[in-house]
Amino acid sequence: MKLRIADCGLRILILSLSVGSVAVRAQDAIPAPGPTRSANIPAVQEKKLKNGLTVAVIEKKGVPIVTSQLLVRAGASSEPTAKAGLADLTASMLTKGTKTRSAEQIAEEIEFLGGSIGSGAGWNGSNVTMSTTSDKLDQAMSIMADVALNPVFKQEELDLLKSQAMDELKYNLTQPGFLANYVASRYSFSEHPSGGTPTSIEALSRNDVQGFYSQSFKPESSVLIMTGDISLAKATSLAENLFGKWSPSNQGSNTAAVSPVSSVIDKALVKRMLVVDLPNSGQASVNYFKPISDVGRGSDQYYAASVLNSLLGGGYSSRLNQEIRIKRGLSYGAGSSFTWRNAKTNFGARTQTKNESAAEVAELMLAELKRLAETNATETELNPRKLVLTGGFGRNLETTGGLTGALADLYSFGIPTSELNKYMASVSGVNDLSVKNFASKYLYDGDIVIVGDYAVFKADLAKRFPNMKIDVIKVDDLNLESATLRKADVP
């Protein structure tokens, strides 16, 4: 009996393996993508209050949820470099206590209503965002307005936030990927880290926070966005009752600062190479960074850049991931991104790999960038990448949070809200020549930045890049307050 059971099990195993191999072979051919789906985008309705606050509404009935965001057009770009992190710290403090509510009361009251509230800042703006069911909207909006208009910036709450930010930054600066982006903000993009540096965060005071709030949080430079089960009439009534007494500054809207970026000098793919030596790091972070001064978020090149990014590093089947992870197993993932500003964009391609393969991965990354600039992508490769973008865009707009985020992005850059309805057609209209021209015109003359154990890949890096000057900074010597990034050169 035992032999017959074993024999039966063996036959089942053989059959399973056989069926499994057939299934693998059947999936070798990637199925063709389906047709482009349209996105049903309701009209954006606007009303401007007497104090200059813009109220923007997308009414979407069917689900009794409303997402509201007060967008203030002042973020990290509006803070001095020496006070890096001030915008985010100021915005984060908004939910930490008002004239009538403590941080605990704010959290408890919103939770009691079944809602959520949060605040923060990025490079282009600051925000307070809240979601709740429509039947609890009046009570929840009262809390949101109190948070936005009546913060008290308690010293003990500020000290706690600063301590948490310092602890988080201290840990992150031991991580190769974070450290590479942190350095690139100064080295490649002529900016400062929006989250701050150890020196800048430590120096921030309550007066700094109060000053940034007073100068930046004004109705004429703000937009109250509401999406979901809400009408323009209802939204306007709430805004007038809760925000109508918010006094304007009469100084005009804040405009995000734009850092000067040098123009392309030649057609070399790599201009500089920087290694941040992080001894005994588990992995190396390999990156290519390029500031693009001629293309801002409102540029008609935005869509060509978006399709290029999807093709190069926008997902599992993108070129970088195919070459570095799937074909060679040198990383768990590789990708790329554009970080948009008003009048420029910051491009980055990145991955992490074992230290021994850092130089090889840098070479592979550059080869893919060069291929983008010198060859035309086929329609069979380009069309699925465009469908990834339009499909993701459509899905994102199905939620009130996604709608609010999309509107906030447009208002941050002063782009007409009608652009929402142009996205699908604009992405679909990008062709292989547009992608190639963008790459050849804008992606050359960038920086390779590697963070890792330099002793491990030093010889291979020199071998693969024999004519490249390699600038090496030990992590213990790193300081972004210095023009040379070195502590020894701080004035």
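Reply: Two strands pair if DSSP finds at least two bridges between them; strands (E, at least two residues) and helices (H or I, at least four) are DSSP runs, numbered from the N terminus. The model is predicted, so local features need pLDDT of at least 70 and side-chain atom pairs pLDDT 80 or more, while totals for chains, interfaces and linings use all residues. Residues are numbered from 1 along each chain as its sequence is written, and side-chain values use heavy atoms, without hydrogens and water.

Me: In which direction do strand 9 and strand 10 run, parallel or antiparallel?
Reply: Strand 10 covers residues 345-353, and seven bridges join it to strand 9. Among the paired residues, Ala334 has Thr351 as its partner in strand 10. The two strands run antiparallel.

Me: Which residue's side chain forms a polar contact with that of Asp277?
Reply: Asp277 lies in strand 7, which is joined to strand 12 (residues 470-474) by five bridges, the two running parallel. Asp277 is buried (under 20% relative accessible area, with a 1.4 Å probe and protein chains only; over 50% is exposed, partly exposed in between), at 7%. A polar contact is a pair of N or O atoms within 3.5 Å, one able to donate a hydrogen and the other to accept it, and residues adjacent in sequence count only if both atoms are side-chain atoms. At 3.4 Å, the partner is Lys474.
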